Amino acid sequence: MTIEKLTNECEKYTTKKELELITRAFDYAQKAHAGQLRKSGESYIQHPLHVAMTLAKMRLDGATISAALLHDVCEDTPITLQEIEKEFGKVIAFLVDSISKLSKVRVRKDITAEAPDQNEPDSFHSFPRQFETLQKMFVAMAQDIRVILVKLADRLHNMETLSYVAPEKQLRIARETLEIYAPMADRLGIGELKGQLEDLAFPYVHPDEYQKLKKIAKHDYPKRLRHIKNVQKAIESELKKNHIDGEVNGRVKHLYSLHNKMKRLDLDQIYDKVALRIIVDSVRDCYAVLGIIHKLWKPLTGRIKDYISMPKPNGYQSIHTTVFCLDGQPTEIQIRTRQMHEQAEFGIASHWHFKTLQTNPSFTKNPDEIAWVRQLAELQNKLTDPGELTEGLKLDFFQNRIFVFTPRGDVHDLPTKATPIDFAFAVHSDLGYHCYGAKVNGKMVTLSHPLQNGDIVEIIPNKKSSPKSDWLNFIKTSEARSNIRQALKAKEASDYNLTRKHK
């Protein structure tokens, strides 16, 4: 990696003044790290250059790119933060300082001493030990989201060079990547970075499964890619006939994502091992293309997902459909606009790029831009016990999400397998406290019934009803758990006072 390659990338979107800042930051960092080598034997400056390039591809501003180049200067050289501030200003000094503080947080060394629970997703194996890491990351994120973006890019390059690290550290770093950094990238909507982090950690955390899948992919993918190429030609021809300007390309599913799907499905049931993306100019074109595809090939029942009208919580938008293509082979096709594609690849970074780059390249520090960061702040205010906060994070923030509706059509965003109790508390705490029964899609269900995406839920209240302790065994949201515990404690205190009064 060279500064010329970095500046060539930055030239595509930054101002001349920002380019000068980036070049100055590189010269400063190169001089500061002079003579230092990484464990790979390469010059240390290669690391900040790679980190900066990852961020440049996300189209981040000059201050962030400069902070990435300087992010290890205070930690690994005699240069102080005050000197950075004097040379580059308060914003870059703040970013460098915040990144340095995060770098000093380490997961405890006994992380690998405990065998993971095979029934839990990888991202939850050692949450209690990682509370401090998570808490510091979220605090930094609330102050300025760019801190986390630099940290994610930093982790990506460290994972790319993990083979040079001592073997006893490799598993700890890879596990930490799967448990903290990849889920963080996912919640920020940075799909490509999330996939890269997971695939880089996969061979260290699950070596046997990795080798098995690698062999399958080597044998299976060439045939599937040939199939996709033929389907691609057919779609391009249809788009041309219908005068729709669109880009059609194939993509191979990340190995770790395939590994996770194979926990639930047979390999033959996974239709997106290799998938097609159709990128068009407008939302209208997206739906027009969906009609063209379904006219061309029969869709597979239950496999049409409209994330345009109902985006994922991290902002992801696209239409997914699986159709019986050439030779009747089921093939997943994703349809999205160019802006949606940028969002899917770069998440919150592309959101910033589209909204603010046109005017003044300065990033908002307002976490309200990301709803789940705001929810996290509320959760931290409610839960002061580290164990409860960690449990809340596990329940809410690193889970897949579903959308559930009230009978009036109001939508609520909940974790997968949330129950009517979770839904009731999401609507209003009083509704949760007095929840007596529930209907889902017009039919009575138990209060422990797992909700599905798109369910219409009606809560039946009763003023005499109150939270039951067994609800804690099946609820899925931290909000419900916190309210139920508070209600049970209040009832316990009331019963105790009543008993004393009668005595």
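**Close-up views of a predicted model**

Serine 465 is buried, as its relative accessible area is 9%. All views below are taken from a predicted model.

**View 1. Serine 465 sits in a loop between a strand and a helix.** The loop in question runs between β10 and α21. Serine 465 counts as buried because its relative accessible area of 9% falls under the 20% cut-off. Leaving out residues up to four places away in sequence, serine 465 touches Tyr433, His434, Cys435 and Tyr436. The C-alpha atoms of serine 465 and tyrosine 436 are 6.1 Å apart in space, although 29 residues separate the two in sequence.

**View 2. Threonine 477 lies in the loop between β10 and α21.** Strand β10 covers residues 457-461, and helix α21 covers residues 478-502. Threonine 477 is buried, with a relative accessible area of 7%. A polar atom of the threonine 477 side chain lies 3.3 Å from the backbone nitrogen of alanine 480.

**View 3. Aspartate 61 occupies the loop between α3 and α4.** Helix α3 spans residues 46-57, and helix α4 spans residues 62-70. Is aspartate 61 buried or exposed? Aspartate 61 is buried, because its relative accessible area is 2% and the cut-off for buried is under 20%. The side chain of aspartate 61 makes a polar contact of 2.9 Å with the side chain of arginine 146. Glutamate 18 is 43 residues from aspartate 61 in sequence, and the C-alpha atoms of the two are 7.8 Å apart.

**View 4. Aspartate 281 is found in the loop between β2 and α14.** Strand β2 is made of residues 274-280, and helix α14 of residues 283-296. Aspartate 281 counts as partly exposed, because its relative accessibility is 46%. Not counting residues up to four places away in sequence, aspartate 281 touches Asp245, Thr337 and Arg338. With arginine 338, the contact includes a side-chain to side-chain polar contact of 2.8 Å. Aspartate 281 and glycine 246 are 7.2 Å apart, C-alpha to C-alpha, and 35 residues apart in sequence.

**View 5. Helices α9 and α10 cross at roughly 145°.** Two packed helices are described by the angle and the distance between their axes. Here the axes of α9 (residues 146-160) and α10 (residues 167-187) come within 11 Å. The crossing is left-handed. On the α9 side, the contact is made by Ile148, Lys151, Leu152, Arg155 and Met159. On the α10 side, Ile173, Ala174, Glu176, Thr177, Tyr181, Met184 and Ala185 take part. Sorted by class, the contact has 8 nonpolar, 1 polar and 3 charged residues.

**View 6. The largest nonpolar core has 70 residues.** In soluble globular proteins, nonpolar side chains tend to be buried together. Which residues of this core touch the most other members? They are Leu6, Leu55, Ile65, Leu70, Leu152 and Leu197. Leucine 6 is in contact with Ile22, Leu49, Ala52, Met53, Ala56, Ile65 and Leu69, leaving aside its neighbours within four places in sequence. A second, separate core of 22 residues includes Ile228, Ile244, Val248 and Leu290.

**View 7. The whole chain, for orientation, has 21 helices and 10 strands.** The chain has 503 residues, of which 49% count as buried. Among contacts between residues at least 6 apart in sequence, 66% join residues at least 24 apart.

Technical notes
Residues are numbered from 1 along each chain as its sequence is written. This is a predicted model: local features need pLDDT of at least 70, side-chain atom pairs count only at pLDDT 80 or more; totals for chains, interfaces and linings use all residues. Side-chain values use heavy atoms; hydrogens and water are left out. Axes are lines fitted to C-alpha atoms, for helices over the stretch in contact, and angles run from 0 to 180 degrees between N-to-C directions. Helices (H or I, at least four residues) and strands (E, at least two) are DSSP runs, numbered from the N terminus. A crossing is left-handed if the near helix is turned anticlockwise from the far one by less than a right angle, and right-handed if clockwise. Contact means heavy atoms within 4.5 Å. Ala, Val, Leu, Ile, Met, Phe, Trp, Tyr, Cys and Pro count as nonpolar, Asp, Glu, Lys and Arg as charged, and the others, Gly among them, as polar. Buried means under 20% relative accessible area, exposed over 50%, partly exposed in between (1.4 Å probe, protein chains only). A polar contact is a pair of N or O atoms within 3.5 Å; within protein, one must be able to donate a hydrogen and the other to accept it, and residues adjacent in sequence count only if both atoms are side-chain atoms. A nonpolar core is a set of buried Ala, Val, Leu, Ile, Met, Phe, Trp, Tyr and Cys residues joined through side-chain atoms within 4.5 Å.
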